[in-house]
Amino acid sequence: MAAPLLLRGLPILRLRFCYQRLPNPSFVLLSPRLFSAASESAQPFDDAASDGDQTTAVLSAKDPPNYPRWTDPDYRKWKDQETQILKDIEPVIFLTKEIIHSDRYMDGERLTAEDEKIVVDKLLAYHPHSEDKIGCGLDSIMVDRHPQFKRSRCLFVVRLDGGWIDFSYQKCLRQYIRDKYPSYAEKFIKEHFKRGS
């Protein structure tokens with residue numbers, strides 16, 4: 001008898017399909033059975049070998065799965081509002097992550113006027129301490145390595161006096177959500193943001 005073929009030390013498994021006939025002839029299920037090459041004599045499931053005790057659960061169109069939360073009107077309102085919030089913030093999140101994590105900007109490089117306008121209008125304006133971050137005035141927005149966490153890149157406010165300070169775009173988004181969607185903000189933040197603040 002030939003040895004089974006090995007692929008990186010693992011025997012090649014053959015996938016066999018057999019038909020199972022159910023009491024209700026309107027459904028036929030294909031069920032996969034795995035056999036190794038060494039067990040060639042194993043036979044697929046057939047009707048003669050089956051006994052009457054075997055049962056198979058089948059869902060029909062008459063009995064859809066029961067999801068009690070979907071019928072709850074408050075849950076539906078929450079899911080609709082969650083979808084709306086995501087549609088609202090996803091473009092800003094995508095742009096911000098692209099600015100920070102791609103090679104679009106080098107470390108220490110200032111954002112283009114178009115990107116800066118979006119970051120200032122959609123993010124920085126909603127930071128809980130935006131006045132403190134801007135200080136004497138906003139010169140530009142820059143992306144660079146965080147001074148304390150060297151592996152992390154983040155956004156910085158460059159002030160008119162030449163000083164610069166980092167700001168969290170996630171804090172800005174959280175505050176934006178709290179301002180625009182006060183009824184659903186805390187639940188959304190809890191479910192979609194890693195850290196709360």
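**Buried faces and helix packing in a predicted model**

Trainee: Which residues of α6 are buried?

Mentor: In this predicted model, the buried residues of α6 are A185, F188 and I189.

Trainee: What makes these residues line one face of the helix?

Mentor: Viewed down the axis of α6, the buried residues fall within an arc of 95°, so they line one face of the helix. Among the elements that cover them are α2 and α5 (169-180).

Trainee: How do α2 and α6 pack, and at what angle?

Mentor: Helix α2 (residues 73-101) packs with helix α6 (residues 185-192) at an angle of about 70°, and their axes are 11 Å apart.

Trainee: Why is α2 called roughly perpendicular to α6?

Mentor: Angles of 65 to 115 degrees count as roughly perpendicular. The angle here is about 70°, and that makes α2 roughly perpendicular to α6. The crossing of the two helices is right-handed.

Trainee: Which residues make the contact?

Mentor: Helix α2 contributes W78, E82, I85, L86 and I89, while α6 contributes K187, F188, E191 and H192. By class, this contact of α2 with α6 has 5 nonpolar, 1 polar and 3 charged residues.

Trainee: Which residues of α3 are buried?

Mentor: They are D115, E116 and V119.

Trainee: Why does S130 count as buried?

Mentor: A residue is buried when its relative accessible area is under 20%. S130 has 9% relative accessibility, and therefore counts as buried. This residue is found in helix α4. Leaving aside residues up to four places away in sequence, S130 touches L124 and A125.

Trainee: Where is A125 found, and which residues does A125 touch?

Mentor: A125 is found in the loop between α3 (113-122) and α4 (130-134). With residues up to four places away in sequence not counted, A125 touches V120 and S130. A125 and Q175 are 50 residues apart in sequence, and their C-alpha to C-alpha separation in space is 9.6 Å.

Technical notes. Residues are numbered from 1 along each chain as its sequence is written. This is a predicted model: local features need pLDDT of at least 70, side-chain atom pairs count only at pLDDT 80 or more; totals for chains, interfaces and linings use all residues. Side-chain values use heavy atoms; hydrogens and water are left out. Helices (H or I, at least four residues) and strands (E, at least two) are DSSP runs, numbered from the N terminus. Contact means heavy atoms within 4.5 Å. Axes are lines fitted to C-alpha atoms, for helices over the stretch in contact, and angles run from 0 to 180 degrees between N-to-C directions. Angles under 35 degrees count as roughly parallel, over 145 as roughly antiparallel, 65 to 115 as roughly perpendicular and the rest as oblique. A crossing is left-handed if the near helix is turned anticlockwise from the far one by less than a right angle, and right-handed if clockwise. Ala, Val, Leu, Ile, Met, Phe, Trp, Tyr, Cys and Pro count as nonpolar, Asp, Glu, Lys and Arg as charged, and the others, Gly among them, as polar. Buried means under 20% relative accessible area, exposed over 50%, partly exposed in between (1.4 Å probe, protein chains only). The arc is that of the directions from the helix axis to the C-beta atoms.
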